[in-house]
Amino acid sequence: MAIHLTASVGWIGAVIAYLTLAFRPLTTSRILDLRSAWIAMALIGWWALVPLALGSLVTGVALSLGTKWGLLRHYWVCFSFVGTIVLTGVLIAHMPTVDRLAQTARTATADQVFALPADLAHPLVGLALLIGILILNVYKPKGLTRRGWRTSTRAEVPQR
């Protein structure tokens, strides 16, 4: 459980760090700050966000299979699982774009670097969804899936 919590909360922290850098192009007119922000976003993406997302996904599945909650027994676990898969997939699909923009920031002229688009949508939406998943995992709202209901019903009926 400690590894899962570390990966999950670390993922949120890494998104906040990325988001801080993503705001930098909107707040500076210094070319070195812009270049550095894009390069750092690529590094944080590949060396913190992606490993923490994958770690959260793998440890979450292992944890759910080893506890009473199960992977498909409760709606909140299903939503957390699907949300984590989607967020991880979007992150991995988005990272080549971040790499391309970081490479442009390294080699382009100042005018081209200032023309780079801000990358705020991905981290803002991702952070909101990660916090939503966190809230689900803390409060664990009631609600069994059909599979969970069948499993719990079978457990209550004495076997002959």
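Colleague: Is Lys140 buried, partly exposed or exposed?
Modeller: Lys140 is partly exposed, because its relative accessible area of 30% falls between the 20% and 50% cut-offs. Do keep in mind that this is a predicted model.

Colleague: Thanks! Where is Lys140 found?
Modeller: Lys140 sits in the loop between H5 and helix H6, which covers 146–156.

Colleague: And what phi does Lys140 have?
Modeller: Its phi is positive, about 45 degrees, although Lys140 is not a glycine. For background, most residues other than glycine have a negative phi.

Colleague: New topic: which residues form the nonpolar patch on the surface?
Modeller: That patch is formed by Ile131, Leu134, Ile135, Val138 and Tyr139, and together they have about 490 Å² of accessible area.

Colleague: Let me pick Leu134. Which helix does Leu134 lie in?
Modeller: Leu134 lies in helix H5, residues 121–139. Leu134 is partly exposed, with a relative accessible area of 37%.

Colleague: OK, helices now. At what angle do H3 and H5 pack?
Modeller: Helix H3 (residues 75–107) packs against H5 at about 160 degrees, and their axes are 10 Å apart. That angle makes H3 roughly antiparallel to H5, as it is over the 145 degree cut-off. The crossing of this pair is left-handed.

Colleague: What about H2 and H3, how do their axes cross?
Modeller: The axes of helix H2 (residues 31–65) and H3 cross at roughly 160 degrees and come within 9 Å. So H2 is roughly antiparallel to H3.

Colleague: Left-handed or right-handed, when H2 passes H3?
Modeller: H2 passes H3 in a left-handed crossing.

Key:
Residues numbered from 1 in each chain as written. Predicted model: local features only at pLDDT ≥ 70, side-chain atom pairs only at ≥ 80, totals over all residues. Heavy atoms only, no water. Patch = residues over 30% accessible without salt bridge, like charges linked within 9 Å, V, L, I, M, F, W, Y side chains within 5 Å. Areas by Shrake-Rupley, 256 points an atom, 1.4 Å probe, with all protein chains shown as cover. Salt bridge = Lys/Arg side-chain N within 4 Å of Asp/Glu carboxyl O. Helix = DSSP H or I, 4+ residues; strand = E, 2+ residues; numbered from the N terminus. Buried < 20%, exposed > 50% of the residue type's maximum accessible area, 1.4 Å probe, protein only. Axes fitted to C-alpha atoms, helices over the stretch in contact; angles between N-to-C directions. Parallel < 35°, antiparallel > 145°, perpendicular 65-115°, else oblique. Left-handed = near helix turned anticlockwise from the far one by under 90°.
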